[in-house]
Amino acid sequence: MSTPIFSAKFALNSIDLYDGYVVIKNPKTLFKGEQRIYLDRLISINFRKPSWLAAGYIQLVFPDSKVDKVDGTSVPNDEFSAIFRKKSAAQFEKLRDMIDEQRRKK
C-alpha cells in the first residue's frame, strides 16, 4: 500500500485518504481490521462537529450502507464511520473536505 495523502486518527481508529479511496482502521471494535472504500461509490458524508456534551462523527455513506437514520444513532455500529472528540475535530473536518475535493475532481 502506498503512503496516504492524509490521515485522521482518534483513539485506535483511523481513516487514511489515498488517491481514489480511503482505508478505515478499527482494530478494537466489532469490525476489526481494515476497510478499503473507493470514493466513486460514495453517496454522501455525514459529519457532526463535537460539542462539550457529545462526540463528533464522520460517516461515509454508500449505496449498500445500513444507515437507518441521519441523526447519528447508527454511527457507533457502522463500520464506515469514526467517532472523535473536540481535540481531533480539525483533522476530521480536513479529511471530509479533502474527500469532497477528490470526489469533485473525478
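Predicted model: local features only at pLDDT ≥ 70, side-chain atom pairs only at ≥ 80, totals over all residues.
Figure 1. Helices (H or I, at least four residues) and strands (E, at least two) are DSSP runs, numbered from the N terminus. Residues are numbered from 1 along each chain as its sequence is written, side-chain values use heavy atoms, and hydrogens and water are left out. Local features need pLDDT of at least 70, side-chain atom pairs count only at pLDDT 80 or more, and totals for chains, interfaces and linings use all residues.

Figure 2. Four strands, in the order 1-2-3-4, make up an open sheet with antiparallel pairing; two strands pair if DSSP finds at least two bridges between them. Strand 1 (6-10) and strand 4 (34-38) are the edge strands, each pairing on one side only. On average, neighbouring strands of this sheet are turned by 15 degrees against each other, direction ignored.

**Figure 3. The pairing of strand 2 with strand 3.** Strand 2 (residues 13-18) and strand 3 (residues 21-25) run antiparallel and are joined by five bridges. Tyrosine 18 stands opposite tyrosine 21 of strand 3.

Figure 4. Valine 23 belongs to strand 3. Its relative accessible area is 1%, so valine 23 is buried (buried means under 20% relative accessible area, exposed over 50%, partly exposed in between, with a 1.4 Å probe and protein chains only). Serine 7 is 16 residues from valine 23 along the chain, and their C-alpha atoms are separated by 9.4 Å.

Figure 5. Lys49, Glu93, Arg96 and Asp97 are linked in a network of salt bridges, a salt bridge being a side-chain nitrogen of Lys or Arg within 4 Å of a carboxyl oxygen of Asp or Glu. Glutamate 93 is partly exposed at a relative accessible area of 23%, and aspartate 97 is partly exposed at 39%.

**Figure 6. The salt bridge between lysine 105 and glutamate 101.** The closest N and O atoms of lysine 105 and glutamate 101 are 3.8 Å apart in this salt bridge. Because the two residues are four apart in helix 1, about one helical turn separates them. Lysine 105 counts as exposed at 65% relative accessibility, whereas glutamate 101 is partly exposed with a relative accessible area of 41%. A search of the whole structure finds six salt bridges.

**Figure 7. The complete protein chain.** The chain contains one helix and seven strands, following the pattern β-β-β-β-β-β-β-α along the sequence. Of its 106 residues, 42% are buried. Among contacts between residues at least 6 apart in sequence, 44% join residues at least 24 apart.

Notes:
Axes fitted to C-alpha atoms, helices over the stretch in contact; angles between N-to-C directions. Contact = heavy atoms within 4.5 Å.
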